[in-house]
2 protein chains.
Amino acid sequence: MKKPIRVAVTGAAGNIGYALLFRIASGAVFGPDQPVALNLIEIEPAMKALKGVVMELDDCAFPLLTEVKATCDINEGFKDINWALLVGSVPRKAGMERADLLGINGKIFVGQGEAIARNAAEDVRVLVVGNPCNTNCLIAMHAARKIRDIPTNRWFAMTQLDEARAKAQLAQKAGTSVNKVSNLVIWGNHSPTMYADFYNAKIDGKPVTQAISDHEWLKKEFLPIVGKRGAAIIEARGLSSAASAAHAAIETVRKLVTPTVKGDWFSVGVFSEGDYNVEKGLIYSMPVRTEDGKSWSIVQGLEVNEFSREKLNITQKELMDERDLVKGML
Amino acid sequence: MKKPIRVAVTGAAGNIGYALLFRIASGAVFGPDQPVALNLIEIEPAMKALKGVVMELDDCAFPLLTEVKATCDINEGFKDINWALLVGSVPRKAGMERADLLGINGKIFVGQGEAIARNAAEDVRVLVVGNPCNTNCLIAMHAARKIRDIPTNRWFAMTQLDEARAKAQLAQKAGTSVNKVSNLVIWGNHSPTMYADFYNAKIDGKPVTQAISDHEWLKKEFLPIVGKRGAAIIEARGLSSAASAAHAAIETVRKLVTPTVKGDWFSVGVFSEGDYNVEKGLIYSMPVRTEDGKSWSIVQGLEVNEFSREKLNITQKELMDERDLVKGML
């Protein structure tokens, strides 16, 4: 039997956590032959609910799940982990300014970054799901690096939900199935400023701009639909996206640990080294591939036309503003 | 590409439905090469929330999910389906007698049985999850058979949750992993009277009664722990089991469509033909195997000792009482 992969999940008793844990335990992320151990992390008031979640995990009798730890001590929670899925964050409340939100969450992610640096396994990788995820990731990465050199290429922010939302909208517009849509990169921040790059995307191997003749729709309607999709779901369900966010987290990790299909790429927020003239040092979503499921690289040479460049700059500006608001924590 | 399997799910916007749909769409039930279409059924007041669930399913861009229908019209909902997962039911409220509960749910399941008979595909199979699931299944089966001859061996009630709960408890007591526990049959009703047959169960190939020396625990503590597990989860989470119930539904269908491991069996409520001297005509959980993932049979020859027989009779008595309470609908 293979050595288990140990995965920490914060916000484990929350709605996204609840939708995520059972799928990790079932083998949906690391495959049907890979045992997993779960370190579930919650704040103290949620520990009773988390106990119920652990009971339900027990009650699934998952053959691949070797151990479940539940804790509100982040040092214990991040002990020996190979993956950290940082799902928990404080949601924006009415009357809260973005600076307030960044400040509150920033402190959480400083603490988590430090605890990861002190406790995680040598090969730890970190995916931030809790919003604002790009800047939360940046904060955690900086906090960790003051303690231990975890390379910048091990830190990720989630834009797979935007990618899937964009693919679904393009498929619906083109009247085809979603598995025909490929090469869709989300650039920038996981926020309404993200840019779903339809110029480089393909449907059935052809450029989207050929498959969908209504370019005004692509430029003026498609992007706001994707950008505001989260709000549309809250309006319908009365609750924010949970299962689809959990699925996006699963897809992010799965795509990072599985060789990418030839000719395709996927979107994930990574530390910018300046590719595509993006400001260095931001966590910025880019087109990424992995050949071996271990190391990854940014796909080079995509055309960024004038329309796209403007969009890349807008989302970059937002990330720079966010970075400035938390500069005391970096 | 294979023809999609069309699956109807009632109560699709409820908590179990929400935990179930995304896993079906991901391939967890019918495998990674089998496309699925989902017919999601809800009552009218839940249609807006269901629309949000459909949006989230879209936003997962599942490659295997070919179509999603959402409806509150059960005739449309059961049209051409190959599987019906009847998850929705009215929960028992404070002050409600069992007869009231059976009466309210009975009417729902009469309507659903009739709609299945009128609309479903030739090969339809039905799994009832909504409680009281054994008797709800009996009612739906009888209602359907007044319209069309759907064979009795296509109707199932869910006891996989009890089976998994029992396996988890045995593994914990024996200090081993849950995948070492096999041959565990749940007999009878999905209710606290169910009998988790530890006499025939094995741990690492050895009888449980050898692996666990504390027979008083097996006889006096183990069964109540499993029987009252649902209440313990509600106490901890503040919500009833959803993800584990959804997983049990997944496991029931998956085990029915996948050849059973040599020497093992699994538990599911089926129409009693009198095996093990169980009253004919009840939906009673039995040890079942399938060799080809299509037809199934009851495993014969298990020893039923005096202790076990008493337990089988208690749960049978409860099912006979339930049947009597709904006899006007049969």
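User: Two strands pair if DSSP finds at least two bridges between them. What stands opposite B:Lys202 in S11(B)?

Analyst: B:Pro207 does. This is a predicted model, where local features need pLDDT of at least 70 and side-chain atom pairs 80 or more, while totals for chains, interfaces and linings use all residues; side-chain values use heavy atoms, without hydrogens and water. Residues are numbered from 1 along each chain as written, with chains lettered from A and ligands numbered from 1 in written order.

User: How many bridges join S10(B) to S11(B)?

Analyst: Two, and the strands run antiparallel; S10(B) is residues 202–203. (Strands are DSSP runs of E, at least two residues, and helices of H or I, at least four, numbered from the N terminus.)

User: What's the strand order in that sheet?

Analyst: S7-S10-S11 of chain B, an open sheet with antiparallel pairing. S7 (181–182) and S11 (206–207) of chain B each have a single partner strand, so one side of each lacks a neighbour in the sheet.

User: Switching to S1(B): how many of its residues are buried?

Analyst: Six of six, over residues 5–10. (Buried is under 20% relative accessible area, exposed over 50%, partly exposed in between, with a 1.4 Å probe and protein chains only.) B:Ile5, B:Val7 and B:Val9 point one way from S1(B), while B:Arg6, B:Ala8 and B:Thr10 point the other way.

User: Now chain A. Which residues of H9(A) are buried?

Analyst: A:Arg229, A:Ile233, A:Ala236 and A:Arg237, in a helix covering 229–237. They lie on the same side of H9(A), because they cover an arc of only 80 degrees around the axis, taken from the directions from axis to C-beta atoms. A:Ala231 and A:Glu235, on the other side, are exposed.

User: What do the buried ones pack against?

Analyst: Helices H6 (160–174) and H8 (215–227) of chain A, plus H1 (15–26) and H2 (47–58) of chain B. (Contact is heavy atoms within 4.5 Å.) A:Gly238 follows H9(A), with a positive phi near 80 degrees.

User: And A:Asn134, buried or exposed?

Analyst: A:Asn134 is buried, at 1% relative accessible area, and sits in H5(A), residues 133–145. Beyond four places in sequence, its contacts include A:Ala157, A:His190 and A:Leu319. The C-alpha atoms of A:Asn134 and A:Tyr284 are 6.9 Å apart, though the residues are 150 apart along the chain.
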